[in-house]
Each structure stands twice: as C-alpha cells, then as structure tokens.
Amino acid sequence: MSTLRLITAGESHGPGLTAIVEGLPAGLELDRDALNADMARRQLGHGRGGRMKIEKDSAEVTAGVRHGRTLGGPVALWVVNRDYQNWEERMNPWPVDAEVKEVHLPRPGHADLVGVWKYRQTDVRNILERASARETAARVAGGGLAKAFLRALGVRVLSHVVQIGPIRSGVVPQRPEDFDGVDDDPVRCLDPEASRAMVEHINVQRKANESIGGVFEVRAFGLTPGLGSHVSWEERLDGRLAQAVCSIQAVKGVAFGDGFDLAGVPGSQAHDEIFWSQERGYHRETNHAGGLEGGMTTGEPLILRGALKPIPTLTKPLRSVDISTREPAQALRERTDSSVVPAGGVVAEAMVAFVLADAYRRKFGGDHIDDVLEAVRAYEERIGWKRRS
Ligand code: EPS
C-alpha cells in the first residue's frame with residue numbers, strides 16, 4: 001500500500017525548517033511559483049506581528065526532484081529562518097562561548113510548562129522553539145507537494161475565514177471560482193462587510209493587549225468518491241482529517257459540513273438525499289455531511305471548519321509561576337502576532353491536501369503519476385461517476 005508521509009524538522013529561531021515528503025509518485029510536475037505562492041500566503045493577514053516583516057519564506061527543493069518533476073523518492077524542502085541571524089548565540093546547534101540565559105516563565109496555553117516536565121528541561125526555550133507555529137511554514141511547504149499531486153487529479157483545496165472573534169462571514173462559496181480574490185482581502189474573508197468589521201475588531205483588541213481567535217473553512221472540490229474507508233477506525237477519513245487539522249497549533253475544534261449544528265436538527269433535515277439523473281449521474285441537492293459519509297468521500301465538496309483559540313502569547317502577560325523559584329510571576333512576554341486566523345486557513349489547506357493526497361495514494365497506488373490517473377479513471381468509469389468541480 002502506498003502512503004504519504006510528511007516529516008517536519010526545525011525550531012522557530014533556529015537556522016531553518018525542513019520538510020520531507022515520502023510517497024509521491026514519479027513524474028509529478030511541480031510548479032516552483034505555486035509552491036512559493038503558498039509560502040507567501042501563509043505570511044499574510046491583518047493581525048500578524050513583527051516577525052513577518054523579517055521573514056520572506058520560500059521553499060527550496062534539495063532532493064527528490066529533477067528538472068521540475070518528482071523522481072519517486074523522498075522530496076526534501078528547506079525554508080530559511082531569516083531571523084536566525086538575530087538568534088545565532090541563543091539558538092546555535094553547537095555550544096557557544098556566550099552565556100545564554102534560560103527562560104523560566106511558562107505561558108498559559110502554550111506547551112511550555114508540561115513540555116519542561118515531560119522532556120526533563122529547565123529552560124522553557126527548549127520546548128517553545130519547537131512548539132511554535134513557525135513550524136507550519138514547513139507544513140505548507142510539504143503540503144504544496146500534496147496540492148500539486150491533487151491538482152494533477154483535478155482536485156482543488158481552498159480556504160477562507162468565516163469568523164474572527166465574534167464577527168461572522170455571511171458568504172458561502174459553492175464553487176472554486178467563488179474563492180477568487182480571497183487572498184487580496186486583509187483577513188482572507190469573502191464577505192467585504194464582515195471583513196471590515198474583523199479588521200476593526202483586531203485593531204481594538206490589539207490595542208487592549210488582547211489576542212484574537214476565529215474559524216477558518218477549507219473546501220475541497222473535484223474529489224473522487226470512496227477515499228477513506230468505513231472498515232476500520234483508522235481508515236475513516238473524517239478521523240484522519242480531524243487529527244491533521246487539530247494538530248495545527250492553537251486549533252481547538254474541527255467540524256465537517258453542518259458540524260455541531262447537526263446535533264440540533266431532526267434526522268429528516270440532517271441528511272443529504274440521493275438522486276440520479278442521466279446528465280449528472282448520482283448526486284445530492286444538499287451537503288450537510290460536508291462531503292463525507294461512513295468515513296469516505298461522497299464526491300460532493302469536502303467542507304471542514306477549524307476553530308482557533310486566541311494566541312496564548314499575550315502582550316499583557318497572564319499570571320504564571322517562575323519554574324526556577326516556584327514564585328508567582330508573569331508569563332514570558334515575547335513579540336507575537338495578535339491574530340493568525342487567515343494564516344490558519346492556509347496551513348489547514350496544506351494539512352487537508354496532505355490527508356487527501358495520502359487517501360488517493362492508499363486507494364490507487366501507482367509508481368508514476370500517469371498510473372495513478374489511469375487507476376482513478378478506471379474506478380470512476382466502473383462506478384459511473386460523472387466528474388464535477
Ligand atoms: C509564534 C510566535 C511568533 C510568530 C510565529 C509563531 O514568532 P516570534 O516569537 O519570532 O515573534 O511570528 O510564527 C512565525 C514565525 C510564522 O512563520 O508563522 C508562536 O509562538 O507560535
């Protein structure tokens with residue numbers, strides 16, 4: 001069985017980040033500009049802090065690709081941390097002569113406190129550097145390869161922001177074209193009126209030294225039915241997607257389709273009735289299920305939402321304890337973003353793309369991209385599936 005693996009390595013202020021993707025077929029065409037466009041999109045969004053003025057992320061391919069096509073072996077990507085030059089003593093992989101002060105003030109909401117217990121550390125920096133959401137740059141680099149694979153199969157994975165703080169978007173995109181221009185909006189929201197209110201909300205909260213959470217939505221179009229499986233819990237695609245998206249730093253909830261709202265409606269309104277016509281083949285008129293039934297794709301668009309808690313690094317620090325003295329103290333105060341919801345959507349696209357690409361690899365195998373395409377086509381012909389975007 002072919003599977004896709006993504007490994008990331010790197011610390012927030014270390015020399016850089018690495019992503020290794022194993023399991024892509026050979027012959028897959030990669031687009032360097034598309035990869036780097038995603039790297040840049042992840043850096044955008046009103047509410048980002050000073051660090052994003054320092055970084056200008058790009059993903060450099062160092063293995064597994066020749067003349068723009070995958071070779072079938074692991075693909076390695078390298079993302080430089082420009083900020084490392086300001087951290088060379090504190091984050092050098094090798095011992096330095098200078099005395100580097102330890103951090104002893106864990107921040108509520110971060111990995112800091114439990115991390116030092118678990119990994120037998122005295123310096124919180126040995127935890128926070130890896131726990132940092134900087135790591136998501138490597139996920140987006142790796143996810144870019146999954147997106148390229150999906151694009152070859154006619155699948156698009158897109159995202160938008162549906163809520164920042166208490167403000168909600170009223171726009172429901174139905175087709176890939178409905179996402180046009182989303183990256184030009186300061187909060188990647190498709191509802192211009194809500195977007196203005198979101199920006200204003202971030203400004204007000206930031207002035208009050210607060211951080212802000214929100215909800216992003218990912219939609220995937222053009223999926224073949226039957227990715228994932230009902231036969232075992234590990235193969236259920238909703239479970240795999242939830243794990244991948246919940247693993248994004250600060251994500252506290254994931255929902256599919258109508259999600260938690262489904263709990264409150266009668267069954268007759270909760271499910272998507274089945275139709276068949278000569279022109280459209282099997283289809284549904286609704287998509288409450290968010291494109292998943294029995295842990296498998298239905299072929300309708302996948303709809304997934306992720307809720308981000310407010311970032312736990314606050315410019316007005318919360319109460320904590322100095323772990324060297326156990327005296328009350330204020331949490332570490334670091335330079336920080338105030339809202340990362342727009343970036344969260346871009347990272348979630350990468351994670352969703354990765355899980356979907358993995359599901360295609362599990363179902364269809366194939367050592368060359370054309371073998372994969374042929375296998376998908378033969379399967380869709382067998383079930384009489386009419387492709388849709
Ligand atoms: C982060 C803290 C901030 C963010 C960082 C995630 O970094 P710094 O401590 O250097 O100011 O900017 O996100 C990124 C660097 C990034 O590329 O997304 C954290 O604590 O998670």
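Student: I would like to begin with the ligand. Which residues surround the ligand?

Tutor: Remember as we go that this model is predicted. The ligand has H13, R42, R48, R51, M52, H110, S132, A133, R134, E334, R335 and D337 around it. Sorted by class, this shell holds 7 charged, 3 polar and 2 nonpolar residues.

Student: How do I read the polar contacts there?

Tutor: Look for pairs of N or O atoms within 3.5 Å. Here, an N or O atom in the side chain of R51 is 2.7 Å from an oxygen atom of the ligand. For the side chain of R48, such a distance to a ligand oxygen is 3.2 Å. A133 takes part through its backbone: one of its polar backbone atoms is 2.8 Å from an oxygen atom of the ligand.

Student: How much of the ligand's accessible area does the protein cover?

Tutor: On its own the ligand has 470 Å² of accessible area, and the protein covers 92% of that. The space that the ligand takes is the largest pocket.

Student: Now the strands, please. What holds a sheet together?

Tutor: The strands of a sheet pair through backbone hydrogen bonds, and the pairing is either parallel or antiparallel. In this structure, strand β1 (residues 5-9) and strand β2 (residues 16-22) run antiparallel and are joined by 5 bridges.

Student: What lies between β1 and β2 in their hairpin?

Tutor: There are 6 residues between the two strands, and G10 in this hairpin takes a positive phi near 135°. β2 is also joined to strand β6 (residues 75-80), by 6 bridges and in antiparallel fashion. There, A19 stands opposite L77 in β6.

Student: In what order do the strands of the open sheet stand?

Tutor: Its 5 strands follow the order β8-β7-β9-β15-β10, with antiparallel pairing. The edges belong to β8 (167-168) and β10 (251-256); each has a single partner strand, so one side of each has no neighbour in the sheet.

Student: How many bridges join β9 to β15?

Tutor: Strand β9 (residues 214-221) and strand β15 (residues 302-308) are joined by 7 bridges and run antiparallel.

Key:
Residues are numbered from 1 along each chain as its sequence is written. This is a predicted model: local features need pLDDT of at least 70, side-chain atom pairs count only at pLDDT 80 or more; totals for chains, interfaces and linings use all residues. Side-chain values use heavy atoms; hydrogens and water are left out. A residue is near a molecule or strand if one of its heavy atoms lies within 4 Å of it. A polar contact is a pair of N or O atoms within 3.5 Å; within protein, one must be able to donate a hydrogen and the other to accept it, and residues adjacent in sequence count only if both atoms are side-chain atoms. Accessible areas come from the Shrake-Rupley method with a 1.4 Å probe; for residues, only the protein chains shown count as cover. On a 1 Å grid over the protein atoms alone, a cavity is a set of points where a 1.4 Å probe fits but cannot get out, and a pocket is an open set with protein on both sides within 12 Å along at least five of seven lines; lining residues have an atom within 4 Å of a point. A molecule sits in a cavity or pocket if more than half of its atoms lie within 2 Å of its grid points. Ala, Val, Leu, Ile, Met, Phe, Trp, Tyr, Cys and Pro count as nonpolar, Asp, Glu, Lys and Arg as charged, and the others, Gly among them, as polar. Two strands pair if DSSP finds at least two bridges between them. Helices (H or I, at least four residues) and strands (E, at least two) are DSSP runs, numbered from the N terminus.
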